[in-house]
Amino acid sequence: MKARIQWAGEAMFLGESGSGHVVVMDGPPEAGGRNLGVRPMEMVLIGLGGCSNFDVVSILKKSRQPVESCEAFLEAERADEDPKVFTKIHLHFVVKGRGLKEAQVKRAVELSAEKYCSASIMLGRAGVEITHDYEIVELGA
């Protein structure tokens, strides 16, 4: 896996993934940025959410669960002193469908957290306290 990061002036950077996609990162005005992109640490959090949500949906589909929507809401705490690493991250999944089995949703979240989500496991091994929960929303007919 490769990436290229290009400084675009002030506190703005363009990140290009090895697959050719570009994302804008920028700092807040107090750090010389113009607030025109996500912060680099927000990218880490978004990456974790995307990785874990991908796993949950994939596991639910493989277990033939009628998942129609899955959102992951993440909240993180950071250290007060530099380096301001993440100390705690909580992922809350909202899974929507018709006739979803709670045991399967619980299993999908646990498997992502414990076995499949590389980002979550990497951050956990680095000392971040990561917690998960979920809710199931039954969609009407």
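The model is predicted. An open antiparallel sheet of 3 strands and a contact between helices α1 and α3 are described below.

**The sheet**

- The strand order is β1-β2-β3, and the pairing is antiparallel.
- β1 (3-7) and β3 (22-26) are the edge strands, each pairing on one side only.
- From one strand to the next, the twist averages 25°.
- Strand β2 covers residues 12-17 and is joined to β3 by 5 bridges.
- These two strands, β2 and β3, run antiparallel.
- Which residue stands opposite Val22 of β3? Glu16 does.
- Strands of a sheet pair through backbone hydrogen bonds.

**The helix pair**

- Helix α1 spans residues 40-62, and helix α3 spans residues 118-125.
- Their axes come within 7 Å and cross at roughly 125°.
- Why are α1 and α3 classed as oblique to each other? Angles of 65 to 115 degrees count as roughly perpendicular and those over 145 as roughly antiparallel. The crossing of α1 and α3 is roughly 125°, so the two helices are oblique.
- On the α1 side, Val44, Leu48 and Cys51 make the contact.
- On the α3 side, the contact residues are Ser118, Ala119, Ser120 and Leu123.
- By class, the contact of α1 with α3 has 5 nonpolar and 2 polar residues. No charged residues take part in this contact.

Notes:
Residues numbered from 1 in each chain as written. Predicted model: local features only at pLDDT ≥ 70, side-chain atom pairs only at ≥ 80, totals over all residues. Heavy atoms only, no water. Pairing = 2+ DSSP bridges. Helix = DSSP H or I, 4+ residues; strand = E, 2+ residues; numbered from the N terminus. Axes fitted to C-alpha atoms, helices over the stretch in contact; angles between N-to-C directions. Parallel < 35°, antiparallel > 145°, perpendicular 65-115°, else oblique. Contact = heavy atoms within 4.5 Å. Nonpolar A, V, L, I, M, F, W, Y, C, P; charged D, E, K, R; others polar.
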